[in-house]
Amino acid sequence: MVQKVIRDRLDAILHWNISLVGGFLGAYAILLHVGNFGSAQTGNLMEMGAELVSMEWFNVLLRLAALVLFGLGVASAYLLTNFTKINMRKLALWVDAAALALASMLPLEPALVGIYPIFFASAFQWGVYSGADGFNSATIFMTNNFKQSVLGWLQYGLTKDKEFKRKAILYTYTVISFFLGVVLGAWAVGQFGIYSAYVGFLPLAAARTFIAVGTAPLESETPEETAVEAAEEMEEAEKLESLFPASFLQDEGKKSGRKQASAGTGCGKMQAFKNSKREAVDRFNAGDIAAVEIFPVFLLPDIAPQT
């Protein structure tokens with residue numbers, strides 16, 4: 001039962017989990033590095049402008065390097081997502097873990113240098129975990145999430161449309177998760193100082209567990225559960241086919257399935273949907289090995305062959 005809930009809601013659960021990680025990264029950066037926020041560029045650009053006017057050239061260069069690292073994180077996530085079959089969700093976890101470990105080894109002065117890994121990792125995380133349940137949502141800063149949460153509840157109150165309620169719940173839990181990550185980060189910094197970075201491994205491990213549980217095949221399903229799941233998949237297939245009719249049935253097998261569905265059985269649509277889900281899962285599980293160079297020791301158990 002728990003596995004089925006995780007599998008059905010994996011997208012949202014992972015998003016909230018990673019939002020907690022985003023809150024932790026933000027708190028670690030700000031509290032240990034003189035208020036510098038490593039998960040965005042607004043403050044960095046403002047400080048860079050002020051230091052440029054006051055001709056603090058060394059600090060300007062430090063902030064320019066932070067800007068470049070953030071950009072590299074965004075670009076790397078985009079390129080790897082679109083031009084490789086790497087499992088980006090898992091890889092993002094290892095990038096975050098490597099960034100926290102490296103940040104714990106860097107000196108606190110100059111303050112900005114100590115969070116260079118976080119600039120890159122947070123941008124990379126943003127590129128991978130950029131939304132859930134069909135909604136765009138960042139995991140590393142919360143202004144728009146809070147705005148969408150307020151609007152979602154307002155729109156639901158005015159219209160009683162359940163879609164607005166679904167939107168409000170997603171964004172509200174995202175904000176709450178981020179805040180819980182900030183609280184965890186603040187507590188960890190107070191207890192362990194610079195080595196509090198390793199406390200951040202806990203939510204990362206939780207996310208990796210959710211991925212493992214959510215992508216594993218269900219066992220011991222009852223006939224009733226199988227029937228309910230089939231009905232849900234059929235409904236999803238209908239919705240996806242109405243949105244993406246051309247891409248949904250590309251090969252001959254899917255075309256023949258569509259003919260069966262049009263004849264009234266519905267089996268073809270559901271089979272096509274299952275095939276597309278299976279391909280997505282295969283892609284989802286394909287790429288741990290590429291992360292070896294980033295975090296080799298701790299990644300080894302993660303790339304063991306699955307039986």
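A residue counts as buried when its relative accessible area is under 20%. Keep that cut-off in mind for what follows. The model I am showing is a predicted one.

Start with E51, which sits in helix α3. Is E51 buried or exposed? Its relative accessibility is 10%, and the cut-off is under 20%, so E51 counts as buried. What does E51 touch, if we leave aside its neighbours within four places in sequence? The contacts are E56, N59, V60 and R63.

Two of those names come up again in helix α4. This helix covers residues 57-83, which makes 27 residues. From its first C-alpha to its last, α4 reaches 38 Å, close to the 39 Å expected at 1.5 Å a residue. The buried residues of α4 are V60, L62, R63, A66, F70, G73 and A77. So V60 and R63 are both buried in α4 and in contact with E51. Which helices do the buried residues of α4 pack against? They pack against α3 (42-53), α5 (88-105) and α6 (116-128).

Now the pair α5 and α6. Their axes come within 9 Å and cross at roughly 165°. Angles over 145 degrees count as roughly antiparallel, and therefore α5 and α6 are roughly antiparallel to each other. The crossing of α5 and α6 is left-handed.

On the α5 side of this contact are M88, R89, L91, A92, V95, D96, A99, L102 and A103. On the α6 side are P117, I118, F120, A121, F124, Q125 and V128. By type, the residues of the contact of α5 with α6 divide into 13 nonpolar, 1 polar and 2 charged.

Conventions:
Residues are numbered from 1 along each chain as its sequence is written. This is a predicted model: local features need pLDDT of at least 70, side-chain atom pairs count only at pLDDT 80 or more; totals for chains, interfaces and linings use all residues. Side-chain values use heavy atoms; hydrogens and water are left out. Helices (H or I, at least four residues) and strands (E, at least two) are DSSP runs, numbered from the N terminus. The expected span of a helix is 1.5 Å times one less than its number of residues. Buried means under 20% relative accessible area, exposed over 50%, partly exposed in between (1.4 Å probe, protein chains only). Contact means heavy atoms within 4.5 Å. Axes are lines fitted to C-alpha atoms, for helices over the stretch in contact, and angles run from 0 to 180 degrees between N-to-C directions. Angles under 35 degrees count as roughly parallel, over 145 as roughly antiparallel, 65 to 115 as roughly perpendicular and the rest as oblique. A crossing is left-handed if the near helix is turned anticlockwise from the far one by less than a right angle, and right-handed if clockwise. Ala, Val, Leu, Ile, Met, Phe, Trp, Tyr, Cys and Pro count as nonpolar, Asp, Glu, Lys and Arg as charged, and the others, Gly among them, as polar.
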